[in-house]
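Me: Hey, could you walk me through this one? I have some quick questions, and I'd like to start with a term.

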Amino acid sequence: MKYLTLLIIAFFSIQISNAQINEFGIFVGGSNFIGDVGATDYIAPKQLAFGGLYKWNRSKRHSYRISLIFTELEGIDNDSDDPSRQIRGFEFNSNILELSAGMEFTFFDFDLHNGGTVSTPYLYSGISVAKHDNFFFNPNGTIVDENTTSYAFGIPMVLGYKIAVSTDFILAFEIGARYTFSDELDGSVPDAKEAFESRSFGNISNNDWYTFTGITLTYTFGRNPCFCPGG
C-alpha cells in the first residue's frame with residue numbers, strides 16, 4: 001500500500017496543461033501464472049489483483065499510461081493437465097508488485113467532448129517491471145526462501161474495450177498478458193548461484209508469463225484537450 005500511496009501523490013502532483021486531459025483510477029481483477037509450475041491456462045484468473053493507473057490522453061487515438069498493480073501469483077501442479085506435473089506436485093504462492101508504463105492505442109477516435117456514447121476497443125503495450133521474492137524447491141517439494149528479491153522486466157500486451165459512462169468516468173474491461181525476461185518467478189531457476197545447478201528444473205529456454213484480467217474505472221480531470229495541429 002505504501003507504493004500505491006506514493007503513486008497517487010505523484011499523479012496528483014502532475015501539471016495540467018491546456019492541451020491535455022488526464023485520467024486517474026483503479027484496476028480490479030484477477031491474475032494467473034503460466035510457467036514451469038502449475039496449470040498452463042492463459043486466461044484463468046485465480047488470485048485478486050488490484051492497483052491504480054494514470055493516463056495522459058495525447059490525442060483521440062493514443063494515450064500515455066502508467067500503472068501499479070499488486071497480486072499474488074499462484075502455481076499448483078495438481079491443477080495442471082500434464083500428468084508429470086500432477087505426479088511432481090509442486091505448488092507456490094508469491095507476491096509481486098508490478099510497475100508498467102507505455103502507450104495505449106484506440107481503434108476509433110475517443111473524444112469525450114463530442115457528446116453521445118463514446119466507446120472503442122484498444123491495445124496497450126510498453127514495458128513492465130515486477131518485484132518478487134526469490135525461492136526454490138527441494139526435491140521433496142518444500143520451498144526454500146532465498147531471503148532476497150529480484151525484478152522481472154517484461155512486455156505487457158493488453159487488449160481492452162472502454163466506454164464513457166459519463167463525461168467524467170470511463171469504464172473498461174481488459175485482458176493483459178505479461179511476457180517476462182525472467183524464469184525465476186516460480187522457483188524453477190534459483191537466483192543463488194550455489195543452488196542454480198542442483199535445484200533448476202523445467203524448460204529454462206522458456207521464460208515466465210502472467211496475466212491480468214479485470215476492469216478499470218477512471219476519473220477524467222483537467223482542461224478539455226485541443227486535438228488539433230499545433231494545439
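This is a predicted model: local features need pLDDT of at least 70, side-chain atom pairs count only at pLDDT 80 or more; totals for chains, interfaces and linings use all residues.

Me: Thanks! What's the overall sheet arrangement, and how many strands are in the barrel?
Reply: Eight strands make a closed barrel in the order β1-β2-β3-β4-β5-β6-β7-β8, and the pairing is antiparallel. On average, neighbouring strands of this sheet are turned by 25 degrees against each other, direction ignored.

Me: How many bridges join β1 to β8?
Reply: The antiparallel strands β1 and β8 are joined by 13 bridges. In that pairing, N22 stands opposite F221 in β8.

Me: And what about β5 and β6, how do they pair?
Reply: They are antiparallel, with 16 bridges, and β6 covers residues 143-164. Y122 is found opposite G160 in β6. The two strands form a hairpin with five residues between them, and G141 in the turn has a positive phi of about 95 degrees.

Me: What links β6 to β7?
Reply: There are 11 bridges between β6 and β7, which run antiparallel.

Me: Which residue has a positive phi although it is not a glycine?
Reply: That would be N147, at about 55 degrees. N147 sits in strand β6. With a relative accessible area of 68%, N147 is exposed.

Me: Switching to charges, how many salt bridges does the structure hold?
Reply: Eight. One of them is between the side chains of E104 and R65, at 3.0 Å from N to O. E104 lies in strand β4 and R65 in strand β3, so this pair ties together parts 39 residues apart in sequence.

Me: Are those two buried or exposed?
Reply: E104 is at 0% relative accessibility, so it counts as buried. R65 is at 7%, so R65 counts as buried as well.

Me: What does E98 pair with?
Reply: R178: their side chains meet in a salt bridge of 2.9 Å, N to O. E98 is in strand β4 and R178 in strand β7 (residues 169-180), so to speak distant parts of the chain, 80 residues apart. Both E98 and R178 are buried.

Me: OK, new topic: which residues touch the most other members of the largest nonpolar core?
Reply: V37, L73, F92, F137, L185, Y210 and F212, out of 17 residues in that core. The elements giving two or more residues to this core are β1 (21-34), β3, β4, β5 and β8 (209-221). The largest share, three residues, comes from β5.

Me: What is F137 in contact with, leaving aside its neighbours within four places in sequence?
Reply: Its contacts include V37, F90, F92, I143 and F201. F137 counts as buried, at 2% relative accessibility.

Me: Lots of Phe there! How many aromatic pairs does the structure hold?
Reply: There are 14. In one, the ring centres of F90 and F201 are 5.5 Å apart with the planes at 80 degrees, so the pair is edge-to-face. Both F90 and F201 are buried. F135 and F137 form another edge-to-face pair, 6.0 Å centre to centre and 80 degrees between the planes.

Me: Last one: which residues form one aromatic cluster?
Reply: F33, F90, F92, F135, F137 and F201.

Methods:
Residues are numbered from 1 along each chain as its sequence is written. Side-chain values use heavy atoms; hydrogens and water are left out. A salt bridge is a side-chain nitrogen of Lys or Arg within 4 Å of a carboxyl oxygen of Asp or Glu. Helices (H or I, at least four residues) and strands (E, at least two) are DSSP runs, numbered from the N terminus. Buried means under 20% relative accessible area, exposed over 50%, partly exposed in between (1.4 Å probe, protein chains only). A nonpolar core is a set of buried Ala, Val, Leu, Ile, Met, Phe, Trp, Tyr and Cys residues joined through side-chain atoms within 4.5 Å. Contact means heavy atoms within 4.5 Å. Two strands pair if DSSP finds at least two bridges between them. Axes are lines fitted to C-alpha atoms, for helices over the stretch in contact, and angles run from 0 to 180 degrees between N-to-C directions. Rings of Phe, Tyr and Trp (its six-membered ring) pair if their centres lie within 6.5 Å; planes under 30 degrees apart count as stacked, over 60 as edge-to-face and the rest as tilted.
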